[in-house]
Amino acid sequence: MSQITFKNIETSKNVTLDTNLNILKSSGREVFIQDAAVYVLFYQLFTLQTSLISYSDIGNIVRDQKSSFHMEDSPDSIIANKYVFKARAVLKNVMIEDFIVTVRGLGYRVSNKWLPMIEKQEDDENKHAFLKEITAIIEDCISYSESVDITQDKSGLSFIKPDQDIVMTHFRRMNDCYHSFLSRCSAPGNSIELFELREKITKVLLYAIYWRVGDSLTDEKFRSDYKNELRLILRQIDQAAALLS
């Protein structure tokens, strides 16, 4: 999980740690965490590896990230105080002042006001994976449509007569993608949104097995319409997925 978000239950404010970019984000602001020890401290807080980070834990983090000689004559409590002060300064730069609380005589922990948004992150990741796969399928369909001949029958209808292996591959990918998304994103109260999404996915499926038919179109026009219509449906799917709670 590259982004870990906590939400304040009193103010509804969010704060996010991007573990790929070493960035802390909140209130439209971003701060790059330059100090390696401060970043590891944040990482342990955000991942809730322990309910409490003790003075000795922070002292060990600092020695691991700096050197064994860094603040070597200072007790762990002094080291912890200094680096938590640095972490709080980073939080203050993104308008957060109550994320880390002191447990007197023991260490520090995340305030009870802040809760991890694990379910929302998983939901967003599921949607992202679903949209990524649908996009890949659509782009593969478009690429195939541009590489094969367009058939025209006696009535003037235009269509693609695809290789059956291609059709079955697209169908399996669509089927796996849809049912995986459905099983993960179904929730009480979102059946209407799921039906709307299903309708749009069904349209993609018809294009993916090349049942799309044009009337009296040139090959160039058929391919252009096929591509543009699929990408329009993709935008509609993106919008429908965003409405799922």
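Strand β9 and strand β10 (residues 157-159) pair in the antiparallel sense over two bridges. This pairing is taken from a predicted model, and the description below starts from it. Within the pair, Thr 151 stands opposite Phe 159 in β10. The two strands belong to an open sheet of three strands, ordered β9-β10-β11, with antiparallel pairing. Its edge strands are β9 (151-152) and β11 (214-215), each of which pairs on one side only.

The assignment gives domain 1 as 3-117 and domain 2 as 121-243. The C-alpha centres of domain 1 and domain 2 lie 45 Å apart.

Two packed helices are described by the angle between their axes and the distance between the axes. For helix α5 (residues 164-185) and α6, the axes come within 10 Å and cross at roughly 170°. Angles over 145 degrees count as roughly antiparallel, and that makes α5 roughly antiparallel to α6. On the α5 side the contact is made by His 170, Phe 171, Met 174, Tyr 178, Phe 181 and Leu 182. On the α6 side the residues are Leu 194, Leu 197, Arg 198, Ile 201, Val 204, Leu 205 and Ala 208. By class, the contact of α5 with α6 has 11 nonpolar, one polar and one charged residues.

Helix α6 (residues 191-208) also meets helix α7 (residues 219-242); their axes come within 9 Å and cross at roughly 155°. The helices α6 and α7 are therefore roughly antiparallel to each other. The crossing in which α6 passes α7 is left-handed. From α6, the contact involves Leu 197, Lys 200, Ile 201, Lys 203, Val 204, Tyr 207 and Ala 208. From α7, it involves Tyr 226, Glu 229, Leu 230, Ile 233, Gln 236, Ile 237, Ala 240 and Ala 241. Sorted by class, the contact of α6 with α7 has 11 nonpolar, one polar and three charged residues.

The other sheet is an open one of five strands, in the order β4-β3-β2-β1-β8, and its pairing is antiparallel. At its edges are β4 (29-32) and β8, each pairing on one side only. Neighbouring strands of this sheet are turned by 20° against each other on average, direction ignored.

The strand pairs can be taken one at a time. Strand β3 (residues 23-26) is joined to β4 by four bridges, and the two run antiparallel. In this pair, Ile 23 stands opposite Phe 32 in β4. Two helices pack on the sheet. Helix α1 touches β1, β2 and β3, and its direction makes about 120° with that of β2. Helix α3 (residues 76-93) touches β2, β3 and β4, and its direction makes about 150° with that of β4.

Further along the sheet, strand β1 (residues 3-8) and strand β2 (residues 14-18) run antiparallel and are joined by five bridges. These two strands form a hairpin with five residues between them, and Ser 12 in the turn has a positive phi of about 65°. β1 and strand β8 (residues 114-116) pair in the antiparallel sense over three bridges.

What remains is the contact between α1 and α2. The axes of helix α1 (residues 36-46) and helix α2 (residues 55-65) come within 8 Å and cross at roughly 140°. The helices α1 and α2 are therefore oblique to each other, and their crossing is right-handed. In α1, the residues Ala 36, Ala 37, Val 40, Leu 41 and Gln 44 meet Ile 58, Ile 61, Val 62 and Gln 65 in α2. By class, the contact of α1 with α2 has seven nonpolar, two polar and no charged residues.

How values were computed
Residues numbered from 1 in each chain as written. Predicted model: local features only at pLDDT ≥ 70, side-chain atom pairs only at ≥ 80, totals over all residues. Heavy atoms only, no water. Axes fitted to C-alpha atoms, helices over the stretch in contact; angles between N-to-C directions. Parallel < 35°, antiparallel > 145°, perpendicular 65-115°, else oblique. Left-handed = near helix turned anticlockwise from the far one by under 90°. Contact = heavy atoms within 4.5 Å. Nonpolar A, V, L, I, M, F, W, Y, C, P; charged D, E, K, R; others polar. Domains from an automatic or database assignment. Pairing = 2+ DSSP bridges.
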